[in-house]
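Please keep the sequence and the coordinates at hand while reading.

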Amino acid sequence: MTRSSDAFEISPVPPPGPDAVAPPLFRGIYGMPMFVTLSTSDLAASVDFWTRGLGFFELFGIPGRMVHLRRWAFQDVLLVAGEGNEIVPTSRVSFACVLGQIPEILAALREVGVDADSHDSPWNTRDIDVVTPENVRVTFTAAKVFDPDSAEGRNLRSVGIGTDNGHHD
């Protein structure tokens with residue numbers, strides 16, 4: 001027998017109806033189960049569009065490289081600075097995984113003929129990027145153990161994460 005829970009218990013989306021009230025913007029930190037990553041050649045203009053035009057707010061960013069936007073809980077968008085001259089897929093989506101799954105995912109990709117590798121990000125994750133046959137970039141992203149003395153730890157502290165302020169630990 002399969003055990004399941006009522007997913008509406010964790011969803012920020014209110015029940016539909018004429019009296020439905022939107023939930024407040026969510027500023028807490030959590031492990032994102034899935035999020036959209038968009039490359040942009042003009043990070044400032046994209047942030048302006050998403051914040052002023054679409055109602056997102058800047059949760060944090062790494063200047064000139066990446067901005068993490070959010071609206072409601074589980075509505076996360078990462079804007080990343082353009083990636084040079086590479087041919088960029090039209091869509092990109094990221095899925096959370098754990099570090100122990102990275103070798104399994106790489107092995108599975110090799111089984112289907114994809115020569116992928118993992119790389120570490122400045123925001124303390126180990127990622128696998130792959131382009132699907134549909135020209136969608138899929139990233140599997142695993143959080144690494146936080147080391148406040150590492151380069152990633154210093155990067156994150158510089159934008160307020162991992163500090164003693166109680167908001168982003």
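Rings of Phe, Tyr and Trp (the six-membered ring in the last case) are taken to pair if their centres lie within 6.5 Å; planes under 30 degrees apart count as stacked, over 60 as edge-to-face and the rest as tilted. A search of the whole structure on this basis finds four aromatic pairs. In one of them, the ring centres of Phe-26 and Tyr-30 are 5.7 Å apart and the planes stand at 35°, so the pair is tilted. Tyr-30 also forms an aromatic pair with Phe-74, again a tilted one, with 4.9 Å centre to centre and 50° between the planes. This second pair links distant parts of the chain, 44 residues apart: Tyr-30 belongs to the segment before β1 (34–40), and Phe-74 to the loop between β3 and β4 (76–81). Through such ring pairs, Phe-26, Tyr-30 and Phe-74 are linked into a cluster.

The model is a predicted one, in which local features need pLDDT of at least 70 and side-chain atom pairs count only at pLDDT 80 or more, while totals for chains, interfaces and linings use all residues. Residues are numbered from 1 along each chain as its sequence is written, and side-chain values use heavy atoms, with hydrogens and water left out.

The elements named here are DSSP runs numbered from the N terminus, helices being H or I with at least four residues and strands E with at least two. The protein chain has three helices and eight strands, and from the N terminus on their order is β-α-β-β-β-β-α-β-β-β-α.

Phe-26, at 34%, counts as partly exposed, and so does Phe-74, at 40%. Across the 169 residues of the protein chain, buried residues make up 35%.

The backbone of Phe-74 also deserves attention. Its phi is near 70°, a positive value in a residue other than glycine. Asn-124 likewise has a positive phi, near 75°, without being glycine. Asn-124 is placed in the loop between β6 and β7 (125–131), and it is buried, with a relative accessible area of 6%.

Aromatic rings also meet charged groups. A charge sits over a ring if NZ of Lys or CZ of Arg is within 6 Å of the ring centre and within 35 degrees of the ring normal. The charged end of Arg-27 sits over the ring of Phe-57, at 4.1 Å from its centre. That of Arg-71 sits over the ring of Trp-72, 4.6 Å from the centre.

Contacts between opposite charges come next. A salt bridge requires a side-chain nitrogen of Lys or Arg within 4 Å of a carboxyl oxygen of Asp or Glu, and the structure holds five salt bridges. One of them joins Arg-70 to Asp-76, with the closest N and O atoms 2.8 Å apart; both residues are buried.

Asp-120 takes part in two further contacts, listed here in turn. The side chains of Asp-120 and Arg-126 meet in a salt bridge of 2.6 Å, N to O. Asp-120 forms a salt bridge with Lys-144 as well, where the closest N and O atoms are 3.2 Å apart. Asp-120 lies in strand β6 (residues 118–120) and Lys-144 in the loop between β8 and α3 (151–158), so this pair ties together parts that are 24 residues apart in sequence.

On a 1 Å grid over the protein atoms alone, a pocket is an open set of points where a 1.4 Å probe fits, with protein on both sides within 12 Å along at least five of seven lines; lining residues have an atom within 4 Å of a point. Grid points are joined across faces, edges and corners, and a volume is the space filled by probe spheres set on the points. The largest pocket has a volume of about 650 Å³. Of its 28 lining residues, the closest to the centre are Tyr-30, Met-32, Trp-123, Thr-125 and Ala-143. At least two lining residues come from each of β2 (57–62), β3 (66–70), β5 (91–97) and β8 (136–143).

Terms used
Buried means under 20% relative accessible area, exposed over 50%, partly exposed in between (1.4 Å probe, protein chains only).
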